[in-house]
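Trainee: I would like to go through the labels used for this model and see what each one rests on.
Mentor: Then let us take the labels one by one.

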Amino acid sequence: MRVALGVEYNGARYSGWQRQSHVNSVQQEVEKALSRICNHPVEIVCAGRTDAGVHGTGQVVHFDTHAEREMVAFTLGMNTLLPKDIAIRFAQPVVEDFHARFSATARRYRYVIYNYAFRGAVLNEGVTHFHHPLDEVKMQQACQYLLGEHDFTSFRALHCQANTATRTIHHLSVQRQGAYVIIDIKANAFLHHMVRNITGCLMDIGLHKHEPIWLKELLDVKERAKASATAKAAGLYLVDVDYPEHFNIPRTPLGPLFLADTDI
């Protein structure tokens with residue numbers, strides 16, 4: 001049986017999603033709990049591997065098992081075994097050709113900035129604090145230049161191993177809700193650090209260091225060194241993954257949940 005799971009996690013105390021030998025990871029914790037439920041070793045495949053400190057509210061994984069279990073074992077049962085900062089949001093039997101990564105048609109991230117003079121306490125692990133005022137109107141104006149298919153070389157990590165830097169951004173917006181500035185981005189796929197590098201550039205535009213059209217100039221120059229520094233991991237969330245309808249993957253409310261949900 002192949003099963004898909006929706007996974008939510010606070011990545012603050014993990015060294016990223018991917019299993020590693022000497023540090024703790026989200027994948028390791030989920031696999032450990034699943035192996036207990038199934039009574040055999042289980043390996044999972046995720047829709048998108050997140051870096052250290054990055055969070056997920058819409059992560060999707062799949063795994064195969066020969067154990068006969070009700071789906072409630074993979075939701076309520078898993079949630080009793082997992083650490084408090086990892087939770088299962090749904091469990092769904094899927095056909096054998098479903099693949100959490102390769103069947104995905106788009107992924108969506110949100111980056112949350114706490115834009116206030118003094119740091120917060122309650123949400124400090126889930127946002128990036130930035131004390132200088134940001135002009136979200138200028139940031140939103142800049143978003144238009146990144147929409148569509150482009151070569152995003154200027155926005156990829158130097159050690160990114162993707163074969164091509166061409167990606168298609170379906171949606172990119174910046175909105176303010178009180179002290180919070182939220183960057184919402186959806187694309188067919190992302191390069192390593194692409195969202196955080198775009199965020200760093202948008203923040204510099206919000207500081208009036210550059211005009212919005214600077215993003216177009218960065219696309220054209222195709223040089224990472226010309227762009228801004230990579231934004232911190234703390235404010236980044238993987239919030240949604242799109243799949244073809246015939247797989248019947250459940251849709252869950254977008255996170256972080258204090259933000260308004262909008263359909264794209």
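Mentor: This is a predicted model. Buried means a relative accessible area under 20%.

Trainee: What makes Y9 buried?
Mentor: Y9 has a relative accessible area of 4%. The cut-off is under 20%, so Y9 counts as buried.

Trainee: Why does W17 count as buried?
Mentor: The relative accessibility of W17 is 1%, and because the limit is 20%, W17 is buried.

Trainee: Why is the pair of Y9 and W17 called tilted?
Mentor: The ring centres are 5.6 Å apart, with the planes at 45 degrees. Pairing needs centres within 6.5 Å, and stacked needs planes under 30 degrees apart, edge-to-face over 60.

Trainee: What makes the pair of F98 and Y243 tilted?
Mentor: Their centres lie 5.0 Å apart and their planes are at 55 degrees. Edge-to-face starts over 60 degrees, so this pair is tilted as well. F98 is in the loop between β4 and β5, and Y243 is in the segment after β10, 145 residues apart. Both residues are buried.

Trainee: Why does Y109 count as buried?
Mentor: Y109 has 9% relative accessibility, and the limit is 20%, so Y109 is buried. Y109 is in strand β5, and its contacts include I183, F190 and L236. An unreviewed UniProt entry lists Y109 under "binding site".

Trainee: Which residues touch the most other members of the largest nonpolar core?
Mentor: Among them are F98, F155 and Y243, in a core of 52 residues. Helix α4 supplies the largest share, seven residues.

Key:
Residues are numbered from 1 along each chain as its sequence is written. This is a predicted model: local features need pLDDT of at least 70, side-chain atom pairs count only at pLDDT 80 or more; totals for chains, interfaces and linings use all residues. Side-chain values use heavy atoms; hydrogens and water are left out. UniProt positions are given in the numbering used here, feature names are shortened, and annotations may be inferred rather than shown by experiment. Helices (H or I, at least four residues) and strands (E, at least two) are DSSP runs, numbered from the N terminus. Buried means under 20% relative accessible area, exposed over 50%, partly exposed in between (1.4 Å probe, protein chains only). Contact means heavy atoms within 4.5 Å. A nonpolar core is a set of buried Ala, Val, Leu, Ile, Met, Phe, Trp, Tyr and Cys residues joined through side-chain atoms within 4.5 Å. Rings of Phe, Tyr and Trp (its six-membered ring) pair if their centres lie within 6.5 Å; planes under 30 degrees apart count as stacked, over 60 as edge-to-face and the rest as tilted. Lists of a residue's contacts leave out its neighbours within four places in sequence.
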